[in-house]
Structures are given as structure tokens and as C-alpha cells.
6 protein chains.
Amino acid sequence: MPTVSPRADPESNPRVKAVYDDIRATRNSDFINNIWHYLAFDEDLLERTWEEVKAVMATPSDLDPLTKELIYLAVSIINNCEYCIHSHSAAARARGMTTSQHAEVLKIVSLAAKTNHLSNAMQVPVDPEFMVSKS
Amino acid sequence: MPTVSPRADPESNPRVKAVYDDIRATRNSDFINNIWHYLAFDEDLLERTWEEVKAVMATPSDLDPLTKELIYLAVSIINNCEYCIHSHSAAARARGMTTSQHAEVLKIVSLAAKTNHLSNAMQVPVDPEFMVSKS
Amino acid sequence: MPTVSPRADPESNPRVKAVYDDIRATRNSDFINNIWHYLAFDEDLLERTWEEVKAVMATPSDLDPLTKELIYLAVSIINNCEYCIHSHSAAARARGMTTSQHAEVLKIVSLAAKTNHLSNAMQVPVDPEFMVSKS
Amino acid sequence: MPTVSPRADPESNPRVKAVYDDIRATRNSDFINNIWHYLAFDEDLLERTWEEVKAVMATPSDLDPLTKELIYLAVSIINNCEYCIHSHSAAARARGMTTSQHAEVLKIVSLAAKTNHLSNAMQVPVDPEFMVSKS
Amino acid sequence: MPTVSPRADPESNPRVKAVYDDIRATRNSDFINNIWHYLAFDEDLLERTWEEVKAVMATPSDLDPLTKELIYLAVSIINNCEYCIHSHSAAARARGMTTSQHAEVLKIVSLAAKTNHLSNAMQVPVDPEFMVSKS
Amino acid sequence: MPTVSPRADPESNPRVKAVYDDIRATRNSDFINNIWHYLAFDEDLLERTWEEVKAVMATPSDLDPLTKELIYLAVSIINNCEYCIHSHSAAARARGMTTSQHAEVLKIVSLAAKTNHLSNAMQVPVDPEFMVSKS
């Protein structure tokens, strides 16, 4: 049960249609998934969010597309976003994530959560060796 | 200020020494970072944690070592573990993370946190298209 | 599927009835929403929680009622409490939150989450200029 | 101890200087607080973050500036961002937050955290009365 | 809707069957709850998780079984794991948790969340009196 | 560096003094730890927080005092409250927590965090067997 109302006819709004068109062109697919239909309740929120997702996730960069999706998935698991866990598990599979790699992500995420809490519980002092060198 | 006391002479304990020896051999380095000194307050906790870190992070697998560190770092940022943010930023740099890749990880982590909370705030329904196919 | 059982006939318990009566009187409404029915499994928990909600949220103070609801909603989003996201989105609408203001809350919450994680990821030192002056 | 290196002479970089100039002009102040110095390690991250902070927080809108800061502060407290708790407590004071209002924010945030976890612990079903009406 | 596929005939896999047999023997029950069916998508993840759960939770130790379940439940509430809140509420009841003790756990968890956020919001300095003595 | 100012002479305020006197009497100790000095910036916040801590933690109940402290500590670790991790580790030691029990708490907390995230990542369906029976 959502907390905002999706538009009855979203593409009758030219700002919404422009974003949807760009999503379809960027992804080379007709599928617009639900988060965009709900973000469309506010055109500004829709435009800004898509612009950032496109720039960070859909633009060639120094990290490959699968690695980027795995990082996104890891964050979504820790933040416990049900929608995002589903959408980014699916996106990672679409970019080639194997069942074995999926298992590995789960092992890393759950191990990291474990040692994060152990470190916090013991308040372990940071080693000076970890200091970043001056630029 | 830690909440547990590191051992005065940790390697006089044979179980602790065995773990430290394995850390040094696995990493090909003499450096034992602080979390292991603090985990050593309980030999069982030290042995189990190292065994899992070694299996998940230090064993060749279907994800490359840098990708694994970036996922670990992303989780540590969201869980706000100061020690782990430092240790895994350093570990990622040691595995070749460039400044540009570091910036990318920060962009993905912060964008994911943003859309995670947007999805949760709107309680967006999961698209049936995301369903995993039966094995 | 809840983890505690609501009472079959809650108002037959005089302590529960007294709280329900006060909720109805304070809100000038006959509607008792579900959290009170579930908290009623323990009278003490019911009484204490209502007393605090009434004091903090339903008593005139130096913040207006809508602002208080927006803060409550923001916290509920970050803590990912599905029930609370729904109840406080509805409560904010009842206190006059417009669709545009709802969008603004989502923009602030998601931007804050973004910069919170960027600051933590970089471990930015606190500026001395932020220090509170002595009382 | 930060995990990224601030630039030695940030304003020698024209993209960094342009952002700093806009921060000073927007805030009518010469003070550039630390997060901008650290974000400057990547010009793109600096530009995008400032552009969003400016649009969401420094542009007149349907919520007053103090309310926006209080929401930002509430999120920062829940996410436990030390830097952000300090910077947004200071920003709220600069926008007129009184000591009494500060105490109120703390009461609302901590009460919300309390009822968020009570609702989650009991897995309270959402009342159908909370449903948003169709637009 | 899960994100991984449970095996069609899990016990035809000898590694999965060995874990299931050990779960049944350890718990003296035929019931295998869902998390094990889903973890079984990766034998290694299944084996390691069960081995740790067995060692920490099902082995006699210096904390009694009910106390251990209550701690597990408290963590699951704060992490907002719906499955775990249900499974560990049920496990605690099976180990004798009364309704009154359940209410107490909720009171402690929600009070702790409240004071955790108050302390973080005020950035209270740690008292030197809390320092652990050297071992 | 705190975000609120402790009072210069807190016990000159009769409401603050009354709370401090009750803390000393309840704990049979002259030591007032820092959180009370900072909460004292708002008398109402001080009184309400102490009243709840006293009722939940310092009143004989169906859980023994050490168990209550261990649950409080577990929550504080997950919420990453530095102050609270220290104060409740110390309080648990004062109530008899041994080093071995401390290690056990850390093992349970970190294992729970691990399985919480595994369950969320896989979106495991809740077993109907976990349903609470009707009261």
C-alpha cells in the first residue's frame, strides 16, 4: 500500500513523458518500473532522481556495470529496502550476476555486518597505518 | 577507548599465535591490524572471525578481490563503522582502488541510500517483473 | 502477521479503556488505530507509550503540530517502520501537509541520508565553528 | 582522521572555485565548512552535492528554512552522522532554533525511534484508514 | 517474494541433507524453517551459517538459552528483519518467554533506542569511569 | 564535542537536583554519569528519561538485572551509540558480566546481524508455524 498516488495518465504530463522517454532510450527497453511511476507524483523529484541514477549508474565509468549494481544491492540490503533489494537483484542478474556471485555478495554483506558490529562493540582504535597519504 | 582489553602478550597464547601466523602468511605481511588484537580477548571469537574473513575475502572466487573490498566498504559506510571504513578504504587502495573509483563508490553508496529511503517512504510496490525464475 | 495477540475485548480492561477514552478525547475522534490495540497486550506499555505520545505530540508547544509530524515521519522513514510511515504520512496530511510539502520532506530526507553517508565515508572532521556556546 | 585528502590549494581548480564562490554568495558568508573541502577531492561529487543542497535547502519553498533544518537534523541523528549532527544543529540555531525547540526535536526523534521499534517488534498491521486517496 | 530460488528437492543434495539432518537432530524436531530452505541455494552459505548458529545458539554456554534468544530478538527488532522478528519471537516463546517478559524486552529495546539517539544527538562525552581495566 | 551545553551549576535547579538525588538513591552511589548532565539542559527531558530508565531498568521484574543490561547493550551496539556502548558495557560488568559472557554477547549480536541481513537479502517468507496463538 503506497503512501503517494501515482498519476492516472503520467505521460500526459510533458515533464514526466520526457523522463520516461529517456529511461526507455537509455535502457533500450519499454519497461518502466514502479519507482518511476511513484516518483512522478512530483516532477522535480522524478527529474532529479533519474538524472542522478543515469549519471551514476548508466554512464560508462571506472567501475564496470555489474560491480556498480553489486554495490547498490549491498547498500539496499543493509538499508532493508524491500523494493530496492528486488530491483537491484534483478538488475544485477540482467548484467550477468551468476547464482554463485549472488551467494558471494550475501557472504560479504553478512560478514561485513558481523565485523562492523564487532568493531563498534569493542570500539577498536583505528590503526595509524590506515591513514590516507596527502594528495 | 576500547571496551575490551587486548592481551598483554598475545602471542604467548598458542591459539592466538596460530591465528596471527595465518594472517601474516595469508597476507604476506607482518602487519596485524588492531581488530585482531582486540578480538583476541576471546580465542574462539578470534579464530571464527578470521576463518570466515579468510574464506570469504582471501580465497580466490567468482568476484575479484577489489570488487569484494568495495562491497565490504559500502556496507561499512552504511553501518557507520569508523574502524571498518578506515580499514576497508585502506584495503581497497591496496588492491588498486583509484581516487576516481573511490569517488564512484561514494556516489553509488549515497545515491543508493537516497533511493532506498525514497522507495521506503513511498512504499513502492514490487514489480512482478523482478521475480526470480524458479531453479 | 503480528507477533503479539491483541485482546479479544480490550475495553473490558479498565486500564485499557481509560487509555482509549483519553485517545478519543484528545483526538476528538472515535478512531483507535492499530498500534494501540497491539500495545494493549501489556497495560503498562500501553499507558506509558500513550502518555509520552500525548505529552510530546498532542500538547501545544514551541513547534507547530505539522512540523512535529514531519519530523516524526522523517525518523520513521529512516528507521523503515512500515506502520509508522503510513500512520505519520496520514497524520501529516490530516494536519495540512500538501502534496508539494510531502515531496519536499522526501527530498530533504533522501538528501540528508545521502550527505550523512558521504560525511561518514570520508570521516570529515567537525569544524570548530559548530561548537555550541556555553550556557 | 579522514579517508580522502583535501586539495592543497582548492581554489586553484576552477570547478572547485566556482562552487565555493556560489556557496559564499548563496550563504552570504565567507565560511566554507569542512564537508565541501573534502567533497572537493572529486569535482563532480562536489558540484552535484552542492547543486542538490542549494536546490533543496537554500531555495524558497513550501516549508520554512527552520523546519527544513529540523528535518535534516532528525535524519542525521538517526543515521548517526557525527559531522552532520554538529553542522545541522549549528545551522538550525543560526535559523533561530531555541534551546526549547532543540529539546523538542530530541523528544520527537527519540519518541519516534521508540514507537518505530515497538511497531516493528509487534509487526502491527497497517490500518486501511491510512490509505492515501487516489489523485 | 524471495530473491533466490529454493531447491526443488533439497535433500537430494548430500551436503544440504547433512545440514538438515543435523538441524533435526540438534533441535529434536522435524521442522526445518524457511531460512534454511533459502540458504540452501548455496551449500557453502548453508553449511557455514548453520555451523555458526549451532555453535553460538545451540551449545551450552555461560548464558542460558532464553537470554540468548532475547538478545537475538532485540537485534532483529533494531535491524528490522521481519523474518527474524517472527522466528526469534517464536523461539523465545518455545524457550519459556512469558507474555510479561516479551513486554519487558519491548520496553528495554524501545527505551534503549530512545536513549541511544538522545546520546548521539547530544554527542555526550564518554565518562572516564567507564574504562575497562587492563587485563 | 557536545551539541548542547550542560548547566554550570546543575543542582541549583530544584528539578535537576531532585532527579540527581533520586539517581544517587536508586543506584546507591554518588556518581552521576554524563548523559544526565547533558539531558539536564531541559528539565522535562531529564525527568521523563530518568523516570523511564528507573521504571524499566531499576525496578525488580520478570527479567534479571544482568539480562536486561545485556539486551540494552545489544541494542546500543546495533544503533552504534558510542556513549551507550561504553556505559552499558560498564553497567553489565557491574552486574556481574564475565569476560566470557561479554564475548558471548558479541557472538550473538554479530551472528544476529549476519542472519538478519541474509534473511532480508533473500526476502525469506515467514513460516506460518511462527504465528502467535490468539489470547
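**Figure 1. Fold of chain A in the predicted model.** Along its sequence, chain A runs through the pattern α-α-α-α-α-α. In this predicted model, the chain thus shown comprises six helices and zero strands. Its radius of gyration is 19 Å, well over the 14 Å that the globule rule gives for 135 residues, so chain A is more spread out than a compact globule. Taken along the principal axes, the box filled by the C-alpha atoms of chain A is roughly 55 × 35 × 35 Å. Of the 135 residues in chain A, 51% are buried. Among the contacts in chain A with a separation of 6 or more, 59% join residues 24 or more positions apart.

**Figure 2. The two domains of chain A.** Domain 1 of chain A covers residues 10-59, and domain 2 covers residues 61-122. A distance of 24 Å separates the C-alpha centres of domain 1 and domain 2 of chain A. The contact between them involves four residues of domain 1 and four residues of domain 2 of chain A. On the side of domain 1 of chain A that touches domain 2 of chain A, two residues are nonpolar, two are polar and none is charged.

**Figure 3. Helix α6 of chain A.** Within α6(A), 21 of the 24 residues are buried, so the helix is largely enclosed by the rest of the structure. Just after α6(A) comes A:Gln123, which takes a positive phi of about 50°.

**Figure 4. The interface between chain A and chain B.** Here 59 residues of chain A are in contact with 59 residues of chain B. On the side of chain A that touches chain B, two or more residues are given by each of α2 (34-39), α3 (43-57), α4 (65-78), α5 (82-94) and α6 (99-122) of chain A. The helix that gives the most to this side is α6(A), with 17 residues. By class, the side of chain A that touches chain B holds 33 nonpolar, 18 polar and eight charged residues.

**Figure 5. The interface between chain B and chain C.** The contact shown here takes 15 residues from chain B and 15 residues from chain C. At least two residues of the side of chain B that touches chain C are supplied by each of α4 (65-78), α5 (82-94) and α6 (99-122) of chain B. With nine residues, α6(B) provides the largest share of that side of chain B. The side of chain B that touches chain C consists of eight nonpolar, five polar and two charged residues.

**Figure 6. The axis relating chain B and chain C.** Chain B can be laid on chain C with an RMSD of 0.0 Å by a turn of 180° and a shift of 0.0 Å along the axis. The two copies are thus related as by a two-fold rotation axis. Of the interface residues of chain B, 100% are also interface residues in chain C, so these copies meet through the same surface.

Figure 7. In chain D, D:Gln101 has its place in helix α6 (residues 99-122). With 18 other C-beta atoms within 10 Å, D:Gln101 is partly exposed, because that class lies between the 20 or more of a buried residue and the 12 or fewer of an exposed residue. When its neighbours within four places in sequence are left aside, D:Gln101 is in contact with C:Asp62 and C:Leu63. Within chain D, the C-alpha atoms of D:Gln101 and D:Leu70 are 9.4 Å apart in space, and the two residues are 31 residues apart in sequence.

Note on methods. Residues numbered from 1 in each chain as written. Chains lettered and ligands numbered in written order. Predicted model: local features only at pLDDT ≥ 70, side-chain atom pairs only at ≥ 80, totals over all residues. Helix = DSSP H or I, 4+ residues; strand = E, 2+ residues; numbered from the N terminus. Contact = placed C-beta atoms within 7 Å. Nonpolar A, V, L, I, M, F, W, Y, C, P; charged D, E, K, R; others polar. Domains from an automatic or database assignment. Least-squares fit on C-alpha atoms with pLDDT ≥ 70 in both. Rg over C-alpha atoms; globule rule 2.2 N^0.38 Å.
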